[in-house]
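This report covers a sheet, a disulfide and a helix. The sequence and the model come first.

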Amino acid sequence: MNKIAIFTWMILSILLTPMMANAADYPNRPVKYIVPWPPGDLEDILTRIIAEEMSKETGKPATVVNKPGGGGIIGASEVSRARNDGLTIGSFVADLLTTQILSGNAPFDQNTFDPVGIFLDYPFVIAVKADAPYNNMEELAEFSKSNPVSLAHFGYQALPTAITFKAADEIGLKFSSNAPFDSINCSTLANGDATVINTVTQTILSCLKSGDVKIIASITHERLSLSPNVPTLEEQTGIAQTTWNGLFVKKGTSQKIKNRIAEIAQAALATDRVAEISASTGASVFWIGGDEAQQVIADDYASAQGLLEYMN
């Protein structure tokens, strides 16, 4: 072996050794989970449970850092700038991998992240006051032909908003007005700010339990445990897309590291604590990893393209 070959081998050894060590000894330093939203929502609660399991299993500190702003872009951008060593993990909602990229809002693209796994189907619902004279989307559409119907939603770039408008168009539902809200809860209906709301169940649990509000559709793959007799939006309109959340790392992260993160996450999500959260909120908690997760993202990206074209 000549001197150049020896020198080249030494350089490669120096460069590759930390990567090999990271994969074998992961994690060798503290792990940071980035949640690009304020604390308290489902993705934040479940990510904290996963982080606790990471600390318990590995003996290394694992923390959740909330980085809200820009519709999730600020937090996701921090993950996009991280090293591909699995020490920075993003907990991302579907919008960040679909509509935000398609709209040109994100400083990253489809090839920036690798999915570790998708673990949450947000319990987004379409809800109305309990005394409303309609109990499903078809009846609401019929009502809208001769009565004003106002919609409260989380903004035009939010995936559930686009899904709702597309579904409404499919069945001839006409909204006389609509407006984005930072917070949509029981008072939104009680105060008359809107006659129909598109929100998540945890913001309206109190009025669902009191019987003041009812769900007429869930934007989920399966019917909610909170309202098992209420058909999903797909059952009622044929619109199948939902809003999910998953764990992501920088592209190029070792498969062994991704497998370890997934193993720990699945153990955390299988606990009684998570089962109680799922039962009380109607959230669907599961695990889709690997190639299957990649396919879900690809399918939703294509579907979101159609939704955005419709919205525009």
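A residue counts as buried when its relative accessible area is under 20%, as exposed when over 50%, and as partly exposed in between (1.4 Å probe, protein chains only). Helices (H or I, at least four residues) and strands (E, at least two) are DSSP runs numbered from the N terminus. The model is predicted, so local features need pLDDT of at least 70 and side-chain atom pairs count only at pLDDT 80 or more, while totals for chains, interfaces and linings use all residues. Residues are numbered from 1 along each chain as its sequence is written, and side-chain values use heavy atoms, with hydrogens and water left out.

**Helix α12**

In helix α12 (residues 272-281), the buried residues are Val274, Ile277, Ser278 and Thr281. Viewed down the axis of α12, these residues fall within an arc of 100°, so they line one face of the helix; the arc is that of the directions from the helix axis to the C-beta atoms. Asp272 and Glu276 are exposed, on the face of α12 turned away from its buried side. The cover over the buried residues of α12 includes α2 (42-58), α9, α11 (255-269) and β11 (284-289), where contact means heavy atoms within 4.5 Å. After α12 comes Gly282, with a positive phi near 85°.

**Disulfide**

A disulfide is a covalent bond between the sulfur atoms of two cysteines. Here the criterion is a pair of cysteine sulfur atoms within 2.5 Å, and by this rule there is 1 disulfide. The link of Cys186 and Cys207 is left-handed, and the pair links distant parts of the chain, 21 residues apart. Both cysteines are buried.

| Item | Value |
|---|---|
| S to S, Cys186 to Cys207 | 2.1 Å |
| Angle about the S-S bond, Cys186 and Cys207 | -85° |
| Helix holding Cys186 | α8 (residues 186-190) |
| Helix holding Cys207 | α9 (residues 205-210) |

**Sheet**

Five strands form an open sheet of 5 strands with mixed pairing, in the order β7-β6-β8-β5-β9. Two strands pair if DSSP finds at least two bridges between them. At the edges stand β7 (177-180) and β9 (213-218), each with a single partner strand, so one side of each has no neighbour in the sheet. From one strand to the next, the twist averages 25°. Strand β5 (residues 124-129) pairs with β9 in the antiparallel sense over 5 bridges, and Lys129 has Val213 in β9 as its bridge partner.

Helix α7 (residues 159-171) lies across β5, β6 (150-153), β7 and β8 (196-200), and runs at about 155° to β6. Axes are lines fitted to C-alpha atoms, for helices over the stretch in contact, and angles run from 0 to 180 degrees between N-to-C directions.
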